[in-house]
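Could you walk me through this structure as someone new to it?

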Amino acid sequence: MKEAYLYKKLDNDKVQCQTCEHRCLLKTGERGKCGVRENKDGTLYSLNYNKAISINVDPIEKKPLYHFLPGTRSLSVAAVGCQFACKNCQNWRISQGPKLNPEKEIPGEKITPNEIVEQAKDKNLKSISYTYTDPTVFLEYALDTMKLAHRQGIKNNWVTSGFFTKKAFDKIKPYLDAVNVDLKSFDSDYYEEYCDGRLQPVLDNLKRLKENNIWTEVTTLVIPGLTDDEESLQQIAQFIADELGTETPWHISRFSGAISWKLQDVKDTPVEKLKQAYKIGKDAGLKYVYVGNVPGLEQEDTFCSNCGAKMIDRSGFSSTCYDKEGECSKCGANLNLQLL
């Protein structure tokens, strides 16, 4: 447990959390929508500090980050909780656990920020990824780790819904190297009904990330009947092209109902629908569009946007790079790869 970094004290021992855009107003004894921030007698505490619910070594492509340190491995770290309540969530046991079982102690293995960084160093890993849940809800834990990693030359990556406040962004900005933001839909009603969130703060943060030269990739989970309509996909693709830049990778992921929280009755996304979304991205001028969760498709490989030569061959989460220091080995064009 650690005192929260971002909150405002109010009268009568009330507080307002200023970590995510819910900006929860809490009386003493109450927890925020994330389930892991509690007002104790007028002081807001992060309950999941130093409590890693998961720590693993993953290929960087699993985040997914395809243009940031391709072919490397990353130490993935998570604590429980989430500011959203997405019905499609596949990690719902850890993201929603504190809300579903509020009487239970916050779970997790005691691992300090220093110990996390030492693990990354011992394994000769180039980055640490804050992932599985949303690092916004373990901001204090993540930030303290990021500062130590930054001093050691280890990169920091966030996998996030992008619902953090500007104050939170300003805290992490000096130490954040790359991010994958989950842009779930371009429909505000979808965010409210299926995620318990809002769209606009996500769009604002995506623009903020690009404006501050933090490497950004975007993921959209294509859910049949919910986020697969052509208009919404076109709006996402156009937003990326116009506001983030055509070099920004767009990951189009296949949905699987069997592993979701509350959408088990929804069928898996047809591959043809994913290929349609891929074409929408390309038609919008995006240089790098990828289809995820369907191994074996050429749409998971990286092609030079100038000559069309295959520069990164992917199979699942393994990859073989044919580039020449971030440039196409055939024509010399910039592949927009973030290398060490």
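Predicted model: local features only at pLDDT ≥ 70, side-chain atom pairs only at ≥ 80, totals over all residues.

Residues are numbered from 1 along each chain as its sequence is written, and side-chain values use heavy atoms, leaving out hydrogens and water.

Let's begin with a sheet of eight strands, open and mixed in its pairing, in the order β8-β9-β11-β12-β13-β14-β15-β16. Strands here are DSSP runs of E with at least two residues, helices are runs of H or I with at least four, and both are numbered from the N terminus; two strands pair if DSSP finds at least two bridges between them. At the edges stand β8 (54-59) and β16, each pairing on one side only.

Look next at β9 (residues 73-78) and β11 (residues 127-130), which pair in the parallel sense over four bridges. Leucine 75 has isoleucine 128 in β11 as its bridge partner.

A further sheet is open and antiparallel, with three strands in the order β2-β3-β4. Its edge strands, β2 (7-9) and β4 (25-26), each have a single partner, so one side of each is left without a neighbour in the sheet. Two bridges join β3 (residues 15-17) to β4, and glutamine 16 stands opposite leucine 25 in β4.
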